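Colleague: I would like to go through this model with you. Could we begin with the terms and then take the strands?

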Amino acid sequence: MSEPITLRRFLTRHAEPGGLDPNLIFLIEDIASACRVIGNRLRNAAFEGNHGLAGDTNVQGEDQKKLDVIADEVFARICESSPRLAALVSEEREDAVWLKEPEGGDYLLFYDPLDGSSNIDVNLSVGSIFSICTVGADGDRDVLKAGRAQMCSGYAIYGPTMMLVLTVGSGVYGFSCEYGTGDFRLTHPRMTIPAETSEFAINASRYRLWDAPVRQYVDECLAGATGPRGRDFNMRWTASMVAEVHRILTRGGVFLYPADDGNRTAGGKLRLLYEASPMALLVEQAGGAATDGQTRILDIAPTGHHQRVPVILGSADEVTRLTDYHTTGATPAHS
């Protein structure tokens, strides 16, 4: 059995016909290096005194974990030397950080350096999310790009195996980090999401805050085989978007963080540019769907760096059903 190919070989030989821009390959490799360092810092956090809060809040008004700050610094330090990278847009920074005078075709890197950091102290999976877009031909400083403009998106998941999962616009591929060498090797080619599923993920503690379409959907799933869906469903929730999406890419499912009475004023919970859009691109490339309940996430025009949106993504049939509930209120026939 041949050894799985490395990330570099994949990027140079197994991407789109005609190949990728070498500068994009360099940037993706820098991202992989940053994720490798973050994974190591997570493993050693207890020995380095890096558990717990940093004592500050980020631009979101959220308490920062020490490792949130460390992960953000690692991303910036490793990626900022990439020759065509013009700007960094991070969850942990109020404004875009410009690294050079932008030229047409330069790259913009959007990232959530440590998603699900509330799970760190209880030793559950967390991750990093990233997305790459390009500067317009006129060299403008506009970083408010709709999701459909992304050239690449992906995430690292720091679990029993550290993995990097990404798309460059031609399918979704998963690379496992080989213990010892640190190489990311292709172990999950052409990850796909089945159209049908019997698994959903939502924070059920917010039931009282949900809108009627979400309550209807969850009630029907919980009714099981004797209910209107005619089959049993499993419910999951890990409080880490990376972990939820990774499970969906591995075996199917649907993930919901909808608008509700507790987050509606803010626009939702998850950030569009560096959480919802990158994950929506991955999910669509794997055959799934992603909406805010009514609109395809990749079509949403951002209005601010840290804009929040509702998110429903995963197996296409379930996302379509939920979108129908939101847009028409109609109850489909039994499955």
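Modeller: A residue counts as buried when its relative accessible area is under 20%. Please keep in mind that this is a predicted model.

Colleague: With that cut-off, how many residues of strand E8 are buried?

Modeller: Six of the six residues in strand E8 (residues 162-167) are buried, so the strand is mostly covered.

Colleague: And which residues lie on each side of E8?

Modeller: Met162, Leu164 and Leu166 are on one side, while Met163, Val165 and Thr167 are on the other. Both faces are covered. In general, side chains of a regular strand alternate between the two faces of the sheet.

Colleague: What joins E7 to E8?

Modeller: A hairpin of three residues connects E7 to E8. Strand E7 (residues 152-158) runs antiparallel to E8, with six bridges between them; Gly154, for instance, has Leu166 in E8 as its bridge partner.

Colleague: How does E8 pair with E9, parallel or antiparallel?

Modeller: E8 pairs with strand E9 (residues 173-177) in the antiparallel sense, over four bridges. Val165 stands opposite Gly174 in E9. The hairpin of E8 and E9 has five residues between the strands, and there Gly169 takes a positive phi near 100°.

Colleague: Changing topic: in what order do the strands of the open sheet stand?

Modeller: Five strands form that sheet, in the order E12-E11-E13-E17-E15, with mixed pairing.

Colleague: Why is one side of E12 and of E15 left without a neighbour in the sheet?

Modeller: Strand E12 (234-236) and strand E15 (289-291) stand at the edges and each has a single partner strand, so one side of each has no neighbour in the sheet. On average, neighbouring strands here are turned by 15° against each other, direction ignored.

Colleague: Which helices pack on this sheet?

Modeller: Helix H6 (residues 241-251) packs on it, touching E11, E12, E13 and strand E17 (311-314), and its direction makes about 30° with that of E17. Helix H8 (residues 316-327) also packs on the sheet, touching E13, E15 and E17, and its direction makes about 150° with that of E17.

Colleague: Now the second largest pocket. What is its volume, and which residues lie nearest its centre?

Modeller: The volume is about 320 Å³. The pocket is lined by 14 residues, and Leu42, Arg43, Asn123, Leu124 and Tyr158 lie nearest the centre. By class, the lining has seven nonpolar, five polar and two charged residues. Helix H2 (residues 22-43) supplies the largest share, three residues.

Colleague: Finally, is Asp68 buried or exposed?

Modeller: Asp68, in helix H4 (residues 66-79), is buried, with a relative accessible area of 4%.

Methods. Residues are numbered from 1 along each chain as its sequence is written. This is a predicted model: local features need pLDDT of at least 70, side-chain atom pairs count only at pLDDT 80 or more; totals for chains, interfaces and linings use all residues. Side-chain values use heavy atoms; hydrogens and water are left out. On a 1 Å grid over the protein atoms alone, a cavity is a set of points where a 1.4 Å probe fits but cannot get out, and a pocket is an open set with protein on both sides within 12 Å along at least five of seven lines; lining residues have an atom within 4 Å of a point. Grid points are joined across faces, edges and corners, and a volume is the space filled by probe spheres set on the points. Helices (H or I, at least four residues) and strands (E, at least two) are DSSP runs, numbered from the N terminus. Ala, Val, Leu, Ile, Met, Phe, Trp, Tyr, Cys and Pro count as nonpolar, Asp, Glu, Lys and Arg as charged, and the others, Gly among them, as polar. Two strands pair if DSSP finds at least two bridges between them. Axes are lines fitted to C-alpha atoms, for helices over the stretch in contact, and angles run from 0 to 180 degrees between N-to-C directions. Contact means heavy atoms within 4.5 Å. Buried means under 20% relative accessible area, exposed over 50%, partly exposed in between (1.4 Å probe, protein chains only).
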